[in-house]
4 protein chains.
Amino acid sequence: MARTRAAEIAREVTGRELLGAALEVFVEKGYHATTISDIVRAAGVTQGTFYLYFKNKADIFSALLEEYRTLIISGLFDVDVASVKTRDDWLRLSDRIAGFLLDHIKTHGEFMRLFIAETTTIGSCFVDEANAFSSGIMREICRLIEHGICLNLLRDIDVEAVALSAFGALKEVVRQSCFDEGTASAEALIPRVIRSQAELLLK
Amino acid sequence: MARTRAAEIAREVTGRELLGAALEVFVEKGYHATTISDIVRAAGVTQGTFYLYFKNKADIFSALLEEYRTLIISGLFDVDVASVKTRDDWLRLSDRIAGFLLDHIKTHGEFMRLFIAETTTIGSCFVDEANAFSSGIMREICRLIEHGICLNLLRDIDVEAVALSAFGALKEVVRQSCFDEGTASAEALIPRVIRSQAELLLK
Amino acid sequence: MARTRAAEIAREVTGRELLGAALEVFVEKGYHATTISDIVRAAGVTQGTFYLYFKNKADIFSALLEEYRTLIISGLFDVDVASVKTRDDWLRLSDRIAGFLLDHIKTHGEFMRLFIAETTTIGSCFVDEANAFSSGIMREICRLIEHGICLNLLRDIDVEAVALSAFGALKEVVRQSCFDEGTASAEALIPRVIRSQAELLLK
Amino acid sequence: MARTRAAEIAREVTGRELLGAALEVFVEKGYHATTISDIVRAAGVTQGTFYLYFKNKADIFSALLEEYRTLIISGLFDVDVASVKTRDDWLRLSDRIAGFLLDHIKTHGEFMRLFIAETTTIGSCFVDEANAFSSGIMREICRLIEHGICLNLLRDIDVEAVALSAFGALKEVVRQSCFDEGTASAEALIPRVIRSQAELLLK
DNA sequence: TATGAATGAGACTTCATTCAT
DNA sequence: GATGAATGAAGTCTCATTCAT
């Protein structure tokens, strides 16, 4: 029925507007400082409407996080480990990852920043989301390193320790890119950080 | 005067109690979720008393951060870079740093946890504290690496990028040690992470 | 839309109720002694509701003052100076002013009382309101006296000084009418005070 | 005993200091905005000490008012009505009163201002003090006018009404002198206002 | 007398959430 | 589905006052 259809669309639209507005406000003021009132004002709807779509602030934030996880993980899955054969492939791969990250920061940096900031807080209700995210990336990194070892490209290393280091390095450089004022220099560092980690691992 | 003396002591004691209680509650519930009311309850004093000692929640949190910075920086200054001469010295130094960190986590893990968690929040009033802290540590790491290069111990590397990586690695492994459920295994990782980073850098 | 209409009415009603309740409580206890809590209790709404309508206590007080200014100024503009030609007109005019004031006290005495009492407090945020009010009335009085001089009805006088005196006289007699226990006698004085001032000025 | 004597003096001194400090703070911030804490800080003593001398804020304010009443009433009693015989005496007397007021405003203007402001507030605990003061002055004015009528100097007037007017005029001119920014011009008005009132009354 | 730490009542204000329309 | 007025709990903060020393 056209009626139901229209209603569905309306529902979809308002929901989208709320999510968009929420993202905007969260990014600007942080999770704790934003109020439902801020969100609905930004979305151009009223208080009551909010509760037709979300249970509360945590609920809409979770929804945003979920969207984000989907987004970045599909991005990471595009990286094709199998095609790496030689030393040069290895370096090229690291450059490609750096490129992906840079692009991602440029297009979704605000979101990334929000995510990093709000999920590491003590008492955060989003620990599960954060963990899912971290372990997803760690898995990728491990897979990469193990593949390199199989090919006899890499030095004799403590895989787990090295993967953890690499993850920390990534996280920190991203953090700096997202948070620090002098973003430019921090962004410039990303390829260098990833490249130098890659080189250190090579035989 | 005896009375003045007594008052002085009382003042000192209550101030300590408030700081201690605040640390405890902050660590348990996080900065945003803890209320002044929580703190005074834990300290065994009344609301009014709190305001004799601190302006507000941010003020007592700042006081805690400051205490912590003093604590850890004095610990780091004990590391004697000059005595490092050979490859073995280098590895021993890295072990010593790992040891220091482990001890530190055991004795002041709460502080560390609180610090790491709460200073990366968007809209945090503590960005300056966080940056002061980070750059202090980065400086130490750079000094170490440059010293190693001077001695011709280390490979040809991008110092800034590598120092940033090392810092990120440290931070992540510490974070996992402080936060994750299976703390034991995470703690076990600290020496391995630091050691493997050190080895990668060696020629 | 019916709902919007209902909401509009509700909004209007509650706002009126708050203003009315505030006037009542302010008059009874004075500005400083009344709390928001008093006002909302008198208005039959809850604390939160108050803040949907006014920023704080000073805000609702300002709103009251503004209402009052509008009220009395429109009353004063009704006085028609131009029609005064003879000695008798002059005396009749003074009687008419006295009548207006008496009526005003009877119908809006609370407003007047509140206004007179609370706008002379040191540190009052309402000095501007008070001055606007005073100079408005002073202007009227000067206009009156100058008109009388033009017509050669009045003695040779220091207009500014006399207008100031007349204003002070008015204010004091009104004050006594509003505040003193034996209001009756004080009210009786108003016509006598105004009349005797008028006679003193006549040649 | 010297001991007791010294103690008495000490008591006197601290009490004076508190009164002086209180006056200063009251004048600066007004009655309601000043706290006990402000007063003791200004006096250089501690909270506890205050309560050895005064019951509460109203108590110390009352003490100040009482001091002030004594001061001004003794000033007014110096005016010698009996010596007025002629028309010129009458004008000279009015000039003398104006002079006294001007001097008084110059030396105790702050106090006057405080007094005027805080005793006319609704719910003021100082109504009695204010009334005692007003009726004292009214009595003087009536005495003056009646004396003038006895001497056949003055026109045929409604004594009560005229006295009230005169009192109001005085009060307003004083108020303007004390409160308004352009004090200079207001002060200049005092002699003119009093003089013109005196002249209007003369036959 | 003087101190000043401690109290605790109470004021102000915000905000998530509900509900009648 | 949308509205937005109303709620009321909960938090922040101030200050007059007490009391052990």
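Buried means a relative accessible area under 20%, exposed means over 50%, and partly exposed lies in between. Keep these cut-offs at hand for the stops below. This is a predicted model.

**Stop 1: chain A as a whole**

From the N terminus on, the order of elements is α-α-α-α-α-α-α-α. Along the principal axes, the C-alpha atoms fill a box of roughly 65 × 45 × 30 Å. Of the 203 residues in chain A, 52% are buried. Among contacts with a separation of 6 or more, 69% join residues 24 or more positions apart.

Now switch to a surface. Chain A exposes about 10000 Å², with carbon and sulfur atoms supplying 55%. Colour by charge next. The 23 positive and 29 negative charges of chain A have mean positions 1 Å apart.

**Stop 2: a salt bridge inside helix 5**

The whole structure holds 45 salt bridges over all chains. Select A:R92 and A:D89 to see one of them, at 2.7 Å from N to O. Why are these two separated by about one helical turn? They sit three residues apart in helix 5 (residues 87-119) of chain A. A:D89 counts as buried because its relative accessible area is 15%, under the 20% cut-off. A:R92 is partly exposed at 49%.

**Stop 3**

Select A:K29, A:D38 and A:R41. Salt bridges link these residues in a network. Between A:K29 and A:D38, the closest N and O atoms are 3.1 Å apart. A:D38 is buried, with a relative accessible area of 10%. A:K29 is partly exposed at 33%.

**Stop 4: across the chains**

Which residue of chain B forms a salt bridge with A:E160? Select B:R192: the closest N and O atoms of this pair are 3.2 Å apart. The bridge crosses between chains, from helix 7 of chain A to helix 8 (residues 183-201) of chain B. Both ends are partly exposed: A:E160 at 45% and B:R192 at 33%.

**Stop 5: a positive phi in each chain**

Most residues other than glycine have a negative phi. Select A:N152, where phi is near 65 degrees, a positive value. A:N152 lies in the loop between helix 6 (127-150) and helix 7 (159-179) of chain A. It is exposed, with a relative accessible area of 51%.

Finish on B:N152. Its phi is also near 65 degrees. B:N152 lies in the loop between helix 6 (127-150) and helix 7 (159-179) of chain B, and it is exposed at 53%.

Notes: Residues numbered from 1 in each chain as written. Chains lettered and ligands numbered in written order. Predicted model: local features only at pLDDT ≥ 70, side-chain atom pairs only at ≥ 80, totals over all residues. Heavy atoms only, no water. Helix = DSSP H or I, 4+ residues; strand = E, 2+ residues; numbered from the N terminus. Buried < 20%, exposed > 50% of the residue type's maximum accessible area, 1.4 Å probe, protein only. Contact = heavy atoms within 4.5 Å. Areas by Shrake-Rupley, 256 points an atom, 1.4 Å probe, with all protein chains shown as cover. Lys, Arg positive; Asp, Glu negative; His and termini not counted. Charge placed at Lys NZ, Arg CZ, Asp CG, Glu CD. Salt bridge = Lys/Arg side-chain N within 4 Å of Asp/Glu carboxyl O.
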